[in-house]
Amino acid sequence: MYRIGNKEVEAVEKVIMSKNFWRYSQNSEAKQFERELEDEISVKHALVMSSGTASLLCGLVALGIGPGDEVIVPGYTFISTALVPMALGAIPVIAEVDETLTIDPEDIKKKITPRTRVIMPVHINGLPCNMKAILEIAKQHGLYVLEDACQAVGGSYQGKRLGTLGDAGAFSFNYYKTISCGEGGALISNNTTTYEKARIYHDAGCAFFSPDQKVKVPYFAGVNYRMSDILSSIMRIQLGRLDGILKDLRQRKNFLIENLCIPMGWKLSPVNDEDGDCSIKLGIMFESNQEVTHWIDKVNTLEPGLKTECPLYSDRHVYINWEAVLEKRSIFNDCKQLPFTDTGLNYSKDMCPKTLDYLARTMYFLINPDMEIAELDRICKNIKDSY
Ligand SMILES: *Cc1c(COP(=O)(O)O)cnc(C)c1O
């Protein structure tokens, strides 16, 4: 469902013909994309890199997270949110989601221990988390907040863009996301030290040749997650399409609410900030999983063009399928100095029963921003008329 075409082809051609692929050259595409992203999202620093996972990892590194630290993540998110702490020898602590299918602030409180350092709220499916409650808890307990906004580029919470409310935020531009260049990501932050640390770590420990953007933080050992300038040129065009995509998603979501969900008497899943929701999906909450399955089957049969899903079956987005986490398998397993099991924390498939219950009882409509309203209208009428 991408919106992509000739403009992106021309942008890539321009970079190729320039024979200059260096991300830190004067006026590189990556640098220009960073400035444009900062403007669009209203944030002080954007650091583009090779993926959303790399952005989350650099975010944790920049916040000083390491072996034995605990990081609270929700039980419903793409698996990499939970694996990123493990990649640093830190420990993901899995918290329940509430009916919004975003992390439950009440359960965050229960999961805090003396080792907790970071809360990672995930704006899953572009749905804003309850940031007011989360930021309050973080402040009270002296914790960092790293927002996983990988699926929520352009969304907002109480007027502020997602990713800018906590200490840092991560975006993904992979094949699955609203705006995409195949693979890519960005870390955003209003804190200059956090940005500089992430920049050093993502750039082989040296914040390479960038006289116009000197860093104050001393260099430390890093890796290379630099963004390609060719992909950055695509992202600059993609960013220009974002507002139009969000507008069309929201219009279609509201149309479905008015013309199908309300007439059918369905209960909408609550949303922490309706106006800020990216509207990638529309959640309906039923009394039972049987009802969800029933309606998914009906809609599939009647109107297969209107995509539905039950998030319980979304594979690696649900903690019960995070084998490496449940089995505590990281690169440190064979490294005797850093035993992952130190804190005695144990994982099990029934550790977040509320999460499984809410996922099982939710039906999602997947919103296609390019479906004609007239077609959506016909679909709504057909489904209503069949009952
Ligand atoms: C896509 C995604 C990621 C990872 O992004 P990549 O660019 O694939 O590394 C992390 N968290 C969430 C919630 C995602 O949807």
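Modeller: Helices (H or I, at least four residues) and strands (E, at least two) are DSSP runs, numbered from the N terminus. This is a predicted model, in which local features need pLDDT of at least 70 and side-chain atom pairs count only at pLDDT 80 or more, while totals for chains, interfaces and linings use all residues. Residues are numbered from 1 along each chain as its sequence is written, and side-chain values use heavy atoms, with hydrogens and water left out.

Biologist: Which elements each supply at least two residues of the lining of the largest cavity?

Modeller: They are α8 (229-264), β10 (281-285) and β12 (362-366), with β10 giving the most, three residues. The lining has 17 residues, and those nearest the centre are Leu127, Ser269, Val271, Leu282 and Gly283. For classes, Ala, Val, Leu, Ile, Met, Phe, Trp, Tyr, Cys and Pro count as nonpolar, Asp, Glu, Lys and Arg as charged, and the others, Gly among them, as polar. This lining divides into eight nonpolar, four polar and five charged residues.

Biologist: How much space lies in the second largest pocket?

Modeller: That pocket holds about 360 Å³. Its lining has 24 residues, with Phe78, Asn174, Tyr176, Lys177 and His317 closest to the centre. Two or more residues come from each of α3 (52-62) and α4 (80-87). By class, seven lining residues of this pocket are nonpolar, 12 polar and five charged.

Biologist: How many salt bridges does the structure hold?

Modeller: A salt bridge is a side-chain nitrogen of Lys or Arg within 4 Å of a carboxyl oxygen of Asp or Glu. The structure has 27 of them. Aspartate 370 pairs with arginine 3, their closest N and O atoms 2.7 Å apart. That pair links distant parts of the chain, 367 residues apart: aspartate 370 in the loop between β12 and α12 (373-385), and arginine 3 in the segment before α1 (6-18). Arg3, Asp248, Arg252 and Asp370 are linked in a network of salt bridges.

Biologist: Which salt bridge partner does aspartate 107 have, and is aspartate 107 buried or exposed?

Modeller: Buried means under 20% relative accessible area, exposed over 50%, partly exposed in between (1.4 Å probe, protein chains only). Aspartate 107 pairs with lysine 111, with 2.9 Å between the closest N and O atoms. The two are four residues apart in helix α5, so about one helical turn separates them. Aspartate 107 is buried because its relative accessible area is 7%. Also in α5 (residues 105-111) are glutamate 106 and lysine 109, three residues apart, whose salt bridge has its closest N and O atoms 3.2 Å apart. Glutamate 106 is partly exposed, at 46%, and lysine 109 is partly exposed, at 42%.

Notes
On a 1 Å grid over the protein atoms alone, a cavity is a set of points where a 1.4 Å probe fits but cannot get out, and a pocket is an open set with protein on both sides within 12 Å along at least five of seven lines; lining residues have an atom within 4 Å of a point. Grid points are joined across faces, edges and corners, and a volume is the space filled by probe spheres set on the points.
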